[in-house]
Amino acid sequence: MPTYLLKKLVTLPLILLGVSLLVFVALRALPGDPARLMAGPEAPQEAVDAMRVRLGLDDPLPLQYLRFAGSALGGDLGTSIRSGRPVTVEIAERLPKTISLALVAYGIAISVGLSAGMAAAINRNRWPDQLTMLFAIAGASIANFWLALLAMNYFAVELGWLPLMGSGSWKHYIMPAITLAVMPTAVIARMTRASMIEVVGQDYIRTARAKGLPERVVMRKHALRNALVPIVTIIGLNFGSMLGGAVVTESVFNWPGLGRLLVDSVRFRDYPTVQGVTLVAVTAVVMMNFLAEMLIAAINPRIRFD
Amino acid sequence: MTEITAALAPTDSKARRRRRWLSRRRSIFIGGLLVGLVLLAAILAPLLSPADPYEQVLSDALLPPSWEHPFGTDDNGRDLLARVLYGARLSLLEVVVGVGLAVLVGVPLGLAAGTIGGLVDQVIMWTMDVLFAFPGVVLAILIVSILGPGLFNLLIAIAIFSVPVYARLMRNVALGLKSMDYVEAARALGASTPRIMFDHILRNALGPVIVQSTLTAGTVVLSAASLSFLGMGAQPPMPEWGAMMSDGRNYLGVNIYMSLFPGLAIMLTVLGFNILGDGLRDLLDPRS
């Protein structure tokens, strides 16, 4: 455990260093002059030069990186070209929207995925199992924006039951959250089924049954608890693909979160914001994965991620 | 211990094994059938299409399905069936380019990391871990924002985020095989490192790489469609399925077919690759 923990603690900053380097290099690799871009297309040459000095673009690259990393660590991600406001402020405004949407989607995915996977494992090779597996494999093959468009067409435009776009009331959450939940639900259902089937074959389940415990108790207390470890892992490791899904879902539903900010910023060539959002999102994913791994290692010392 | 109980358990009866043998081949059959259909649609697109996929007949815009236009028409009066069929060509091109680039870069990197080891291994795997930390869509957006929108740039971006998968896979295979008796025997006989890499390790990695490529193919189609839908990939008037749905988005409540049919095509294609990949994995790699 100590060596494993130590190794993880060393790799974590190394990964974050790599991520920040990549994001930094990405902005430097942009076609055109960043100073001209920030100053605006009509700015006179003197203004562009002043901007270049102000941005420190005359300095050697390693120094520029150090300055970028230093201010990022201090919570300064530069200024948005589009709004002229600090990128951190832009992100802070959108972050709660993305987090709340992701939480609702996770809630749906965990409750539906867990129950479907359980039902499948208990009724192995019968219809609940087949239905779950069908859903699991179809759910992983559907473009979530397709589902979003169909839902918007029927439930918002034709029937008028739900708001088409935007955010505000609880009704605004229904379509985006379900759309976003489809993929993780499929993954969780599949994982729960596989994990439960493996656990049910273990000796201690036979023991629990042999001592006369009701099946319901065996399943809930003995099987599910032990099956949960890989399920929790998959939920933690899925955070990244959840964020990726949020980019598309938020854009379709005009949801004012981080994902839409990213897409809009690309469209407006607002590079500091693209850079900032990417950096924050990837750091969040890396931290989530790290926490999930630590949690699992604490629960079950036999498991190692190498 | 667990192996003994598993072997003794009545679940592994002959009938059960037979059933599993069948169900594995059933996955390969169903998946292969779906992928085959897409391939057929791509090849026969000119024969099956009722009209030119680019021809605009503005007087026939936004028609619902009919005998003349089985899938209806889009906002420019183009035949949707023709566009979905020609879209199959683009999707298969996406798979070939996206998966091909990822394999071409990822496999040698993983092979080098696994066989050479040491500092080379650490630097390669650190780079892969960094790339892997990015959610695929986010990395693709970052790359496209640099290279500019367009289908080919998007495919480069998708290939880049798929590279770590192959590098990790190849490294694991190489590490597993390196200490096998037959590889050590080859080394004892004086075989050079490149010879061992290619003759003894790479050949044995073919199975896992094929399985992974099939599974990645589905992801490539989905990612390319998603990013084209967001306007970062294929540009109009290309009949790319995601880009078509991006048009369809403006006609919700007016004409759902512009979104319905391309999305269905995406689902069938990705479903085909996923089922095929699952079946192949069960067949070629019984451990997982």
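Predicted model: local features only at pLDDT ≥ 70, side-chain atom pairs only at ≥ 80, totals over all residues.

Biologist: What makes up the secondary structure of chain A?

Modeller: Helices are DSSP runs of H or I with at least four residues, strands are runs of E with at least two, and both are numbered from the N terminus. By that rule chain A has 13 helices and zero strands. Chain B has eleven helices and, again, zero strands. The C-alpha atoms of chain A fill a box of roughly 85 × 60 × 30 Å along the principal axes; for chain B the box is roughly 75 × 55 × 30 Å.

Biologist: How many residues of chain A are in contact with chain B?

Modeller: Contact means heavy atoms within 4.5 Å. On that criterion 48 residues of chain A meet 41 residues of chain B. The area buried between the chains, that is, the accessible area (1.4 Å probe) that two parts lose on being put together, summed over both, is about 3,800 Å², and carbon and sulfur atoms give 77% of it. On the chain A side, A:Phe145, A:Trp146 and A:Leu149 lose the most area to chain B, together 17% of what that side buries.

Biologist: Which residues touch the most other members of the largest nonpolar core?

Modeller: A nonpolar core is a set of buried Ala, Val, Leu, Ile, Met, Phe, Trp, Tyr and Cys residues joined through side-chain atoms within 4.5 Å. Buried means under 20% relative accessible area, exposed over 50%, and partly exposed in between (1.4 Å probe, protein chains only). Of the 126 residues in the largest core, A:Val19, A:Phe145, A:Val252, B:Ile141 and B:Ile266 touch the most other members. Helix 3 (residues 80-116) of chain B gives the largest share, 15 residues. Leaving aside neighbours within four places in sequence, A:Phe145 is in contact with residues including A:Val252, B:Phe229 and B:Ile266.

Biologist: Why is the second largest pocket, with its volume of about 670 Å³, called a pocket?

Modeller: On a 1 Å grid over the protein atoms alone, a pocket is an open set of points with protein on both sides within 12 Å along at least five of seven lines, whereas in a cavity a 1.4 Å probe fits but cannot get out; lining residues have an atom within 4 Å of a point. Of its 22 lining residues, the closest to the centre are A:Met38, A:Leu55, A:Leu77, A:Gly78 and A:Thr79. Helix 4 of chain A supplies the largest share of the lining, four residues.

Biologist: How do you know that helix 12 of chain A is mostly covered?

Modeller: Nine of the ten residues of helix 12 (residues 258-267) are buried, among them A:Arg260 and A:Asp264. Each of these nine therefore falls under the 20% limit, and the helix is described as mostly covered. Just after helix 12, A:Arg269 takes a positive phi of about 55°.

Definitions and conventions:
Residues numbered from 1 in each chain as written. Chains lettered and ligands numbered in written order. Heavy atoms only, no water.
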